Amino acid sequence: MAKRMTIDELAQATGVSSRNIRYYQTRGLLPPPEVSGRLGYYDRRHIDRLSLIQELQAEGLNLQAIGWLLSGGATVDTGELRKMKRALLDQWVVEQPVELPVEQALQGYEGADPDGAEAQRAADLGLFEATEDPEKVRVRMPSVLEAGRELSEMGASIGRQLDVLEQMRTHAMAVAQIYVELFDDVVLADWDARGRPAEEWQRVREALERIRPLAGDALLAVFHQVMAQAVADRVEEAARPDEAAPPA
């Protein structure tokens, strides 16, 4: 039998205050304790659930977002909740970040100052993020960084590249919101309205895992099509003869 703990013992084991434990229970984030006499007893399930909540907080989610993610999941196995968390937050990222010295990260970008506005703007656009070592940055999109170096060799300034990256992010966000709304309409809304039945968490998570590659493949296919059309339009425009000069 799993070791049973009082709420104070659970707080000591996890570093989460008794007050917050009670709050998480009222929000439906924790399974209720097993009551014996006048005391509630907790076990390994509660330690695992609190660990997940701490992980989500470390990733920058506030309690409202965590509450939404785990709402209705008090009786759901924490392993399944972790799978849902990965499907929602982690598995969209296909590139592994790499840590590099700041100078090396900007190597190849002519005129880029490691302490200048370009480096800060690159960080604001999600290309870099700070690390515990002030001399290093974490490159979140290595392929974008590598493409930028090649574009620099072709003569594109880092400022122009960051302009393009900003526009790409704006348009990509619009597409992402379309898919989020689609997923909400066809999967989440009805599930939420029915109180997120515990037996359906796996089905919803698997639906999210399916929509991820569908969204990526569809976006890439549409991009290839419109890119080909944009290039063809530009070629036609360049080949169009100048208008004849008006008669004197």
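I take a patch to be made of residues with over 30% relative accessible area and no salt bridge, with like charges joined within 9 Å and nonpolar side chains (Val, Leu, Ile, Met, Phe, Trp, Tyr) within 5 Å. Accessible areas come from the Shrake-Rupley method with a 1.4 Å probe, and for residues only the protein chains shown count as cover.

**Model.** I am working on a predicted model, where local features need pLDDT of at least 70, side-chain atom pairs count only at pLDDT 80 or more, and totals for chains, interfaces and linings use all residues. Residues are numbered from 1 along each chain as its sequence is written, and side-chain values use heavy atoms, with hydrogens and water left out.

**Confidence.** I looked up pLDDT (the predictor's confidence in each residue, from 0 to 100). The protein has a mean of 86, and 94% of its residues reach 70 or more. Helix α1 (residues 7–14) has the highest confidence, at 94, and helix α6 (residues 102–105) the lowest, at a mean of 82. I number helices (H or I, at least four residues) and strands (E, at least two) as DSSP runs from the N terminus.

**Nonpolar patch.** I find Leu220, Val222, Phe223, Val226, Met227, Val231 and Val235 making a nonpolar surface patch of about 620 Å². Val222 belongs to helix α10 (residues 201–239).

**Negative patch.** Glu103, Glu132, Asp133 and Glu135 form a negative surface patch. For charge, I count Lys and Arg as positive and Asp and Glu as negative, leaving out His and the chain ends; the place of a charge is NZ of Lys, CZ of Arg, CG of Asp or CD of Glu. I located Asp133 in the loop between β4 (128–130) and β5 (136–139). Asp133 is partly exposed at 33%.

**Salt bridges.** I require a side-chain nitrogen of Lys or Arg within 4 Å of a carboxyl oxygen of Asp or Glu. The count comes to 16 salt bridges. In one of them, Asp163 meets Arg121 at 2.8 Å, N to O. Asp163 is in helix α9 (residues 158–193) and Arg121 in helix α7 (residues 117–124), so this pair ties together parts 42 residues apart in sequence.

I also noted Arg194 with Asp190 at 2.9 Å and Glu200 with Arg203 at 3.0 Å. Salt bridges with shared partners join Asp190, Arg194, Glu200 and Arg203 into one network. Glu200 is buried at 15%, whereas Arg203 is partly exposed at 40%.

Key:
Buried < 20%, exposed > 50% of the residue type's maximum accessible area, 1.4 Å probe, protein only.
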